[in-house]
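Dear colleague,

My notes on it come after the coordinates.

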Amino acid sequence: MQDPTLDAPPPILSSWRRVYAAILLLEAVVIALIALFQAGRY
Amino acid sequence: VSGLDWAVVLVYFAVIGAIGLYAGRRNARLEDFFLAGREMPWWAVGLSVMATQISAITFIGTTGQAYVDGMRFLVVYFGLPIAMVILCATLVPFYFKAHIFTAYEYLERRFDSTTRTLTSLLFLCSRGLSVGVTLYAPSLVLSVVLGWSETATILAMGGTTVLYVIYGGSRSVIWTDVVQMAVIWVGIFVCVGVAILHLPETVSLRDALALGQAAGRLRVIDPSPSVYTPYTLWEGLIAGTFLALSYFGCDQSQVQRYLASRDLTQSRLSLLFNAALKIPMQFLILLTGVMIFVFYHFHPVPLLWNPVQLARLERRIGPAEVGRLQQQFDAAHQARREAAQAFLDAGDRRPELAEAYRRSNAALVASRAEAEAAAREGGKPYNDTNYIFPTYVLTHLPKGIAGLVIAVIFAAAMSTLSGEFNSLASATMIDFYRRFVGGADANAVAMSRLFTAMWGLFACVVALRAGQLGSVIEVVNRFGSFFYGPILGVFGLAVLTRRATGPGASIGLVCGLGGVATVSILTNVHFLWYNVIGAAIVFVVGLLLSFPQRSDASSA
């Protein structure tokens, strides 16, 4: 039997959105640093 | 291995045993035994999630991989932060709202009991069989390098772990994971540090990295769009995300860890902690492999890294022939050393010297190939990648430090095993025994302990028999990679759509498994992409099959 309360995801609070954006930004920076490392910029 | 090293290993076992017993004192309810009373702080859960994920074979296997092939394996983790963010925003809130014990319990509330049974059964089959491999693979390596019997290493790792998990349940798992992860972090820094300090005085860290780069060992990012090429950037970002979504979002061994958090916020923080640290951690582990690669330019390299196989080879082709191979190999090694020194001495990293160095490296690999071909047994190619790191540790690390790194290998193995025993017991208890047999809560904890013991025993038996099972183990490992994508597809249907129904999801799951098996048999698509293919098939088939059922329901 399906529980209707489980149907819709709860809203993401804006503060969490900022945390998520920070994590993804951090990942982009890490990958960019790895690319520089690979290119010999160490 | 010195007495000091053994003392370090013994202290490790004593501390883990004591923490396992102390942390797991209160287990009155199932919620205590499986979810540590839902009162764990985010940092403990975060370290436990990390410790469960990093197995011993990831530790010794990836350093070896970096030695022979370079750091490109790192891209597998590129999808992890993305997956963690997606999970924190979608699936994790559902889990907390549903107040569940197992991930599959949520599927019954969202779909039906068949979907729950099917997915939980898939988890038990895949994880149950792989737990034997998780135990066997590092036991085999440690038994060879330490000179112990396989039985002794299997029982030391598996036996100790299962004892504290039976006694203390999830609390013991999480708190021992915290200590084990601390040991692993210390070990990683020590390994990188010692590998750098061990370079000859004339070779700086920059020189070592330049050699690594010239040999292609620093190559991580390959922008090739081919799905057949292993470990491309896109495979890491896309397929790696699907793999991490499935492993951290739909695999009970991980879900159970963060369900033990105090609340949703703590749970999210524990996952985001992993999102931030996993890539740097794996980078350091792989960098250790590269440093060991450079180190062995200036120190003698064994002809074969596996001493047991080398002894067997000597018996088979005779010591004279092995001596000839060794001489040929040593000459190639000396030539590579000279080429490397010439490349570094020039200072300006001249391309022609880099090319000469690469040729000498290729010549060394070719001279070893003859010994590898001679060491082939039963038609299987010889592979000793997993023996490189332990050999380095035991032959070159200072007294005491070698013991610490052996403790790290034990910690990595035991932290994964503990999470797996605990989660296999919870899925057996919650998804099967409690639903189909029932029982009072006091008996339920006792039964859960019994299930933990059964899974521990099963893992030990599989590991002890793995030598004879051989190719069966390989098949099990191969099929294990088929399950991640399809299970993720079912959870995707649950969270992302309102239309999907239980029968649609269940049939979609079966189609997804069939689809992945077909792709693996008929094509050479690299295996990480199976996660995307499996999830996509289940999602599309599940959704299409759900339309008529929904229409029937609404017209009735």
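Predicted model: local features only at pLDDT ≥ 70, side-chain atom pairs only at ≥ 80, totals over all residues.

For chain B the average pLDDT is 91, and 96% of the residues score at least 70.

Chain A comprises 42 residues, of which 26% count as buried. Its secondary structure consists of one helix and zero strands. The accessible surface of chain A is about 2800 Å², and carbon and sulfur atoms account for 72% of that area. On this surface, Leu25(A), Val29(A), Leu33(A) and Leu36(A) form a nonpolar patch of about 380 Å². Leu33(A) is located in helix α1 (residues 14-38) of chain A. Because its relative accessibility is 53% and the cut-off for exposed is over 50%, Leu33(A) counts as exposed.

In soluble globular proteins, nonpolar side chains tend to be buried together. In this model the largest nonpolar core holds 202 residues, and those with the most contacts inside it are Phe78(B), Tyr95(B), Tyr106(B), Phe410(B) and Phe491(B). The element that gives the most to this core is helix α18 (residues 401-436) of chain B, with 20 residues. Phe78(B) deserves a look of its own, as its contacts involve both chains. Leaving aside neighbours within four places in sequence, Phe78(B) is in contact with Glu27(A), Ile31(A) and Ile34(A) from chain A. From chain B, its contacts are Val220(B), Ile221(B), Leu233(B), Gly236(B), Leu237(B) and Ile279(B).

The count of salt bridges over all chains comes to 19.

- Arg72(B) and Asp69(B) are joined through their side chains at 2.7 Å, N to O. Asp69(B) has a relative accessible area of 21% and is therefore partly exposed.
- Arg109(B) and Glu105(B) form a salt bridge at 3.9 Å, N to O. Both residues belong to helix α7 (residues 103-110) of chain B, where they are four residues apart, about one turn of the helix. Arg109(B) is partly exposed, because its relative accessibility is 29%, whereas Glu105(B) is buried at 9%.
- Asp431(B) and Arg116(B) meet at 2.8 Å, N to O. This pair links distant parts of the chain, with Asp431(B) in helix α18 of chain B and Arg116(B) in helix α8 (residues 113-146) of chain B, 315 residues apart. Both partners fall under the 20% cut-off for buried: Asp431(B) has a relative accessibility of 0%, and Arg116(B) one of 5%.

Salt bridges with shared partners also join Arg26(B), Arg29(B), Glu31(B), Asp32(B), Arg38(B), Glu39(B) and Arg171(B) into one network.

Finally, I would draw your attention to helix α12 (residues 252-259) of chain B. Eight of its eight residues are buried, so this helix is largely enclosed by the rest of the structure. The buried residues of α12(B) are Gln252(B), Ser253(B), Gln254(B), Val255(B), Gln256(B), Arg257(B), Tyr258(B) and Leu259(B).

With kind regards

Terms used
Residues numbered from 1 in each chain as written. Chains lettered and ligands numbered in written order. Heavy atoms only, no water. Patch = residues over 30% accessible without salt bridge, like charges linked within 9 Å, V, L, I, M, F, W, Y side chains within 5 Å. Areas by Shrake-Rupley, 256 points an atom, 1.4 Å probe, with all protein chains shown as cover. Salt bridge = Lys/Arg side-chain N within 4 Å of Asp/Glu carboxyl O. Helix = DSSP H or I, 4+ residues; strand = E, 2+ residues; numbered from the N terminus. Buried < 20%, exposed > 50% of the residue type's maximum accessible area, 1.4 Å probe, protein only. Core = buried A, V, L, I, M, F, W, Y, C linked by side-chain atoms within 4.5 Å. Contact = heavy atoms within 4.5 Å. pLDDT = per-residue confidence, 0-100.
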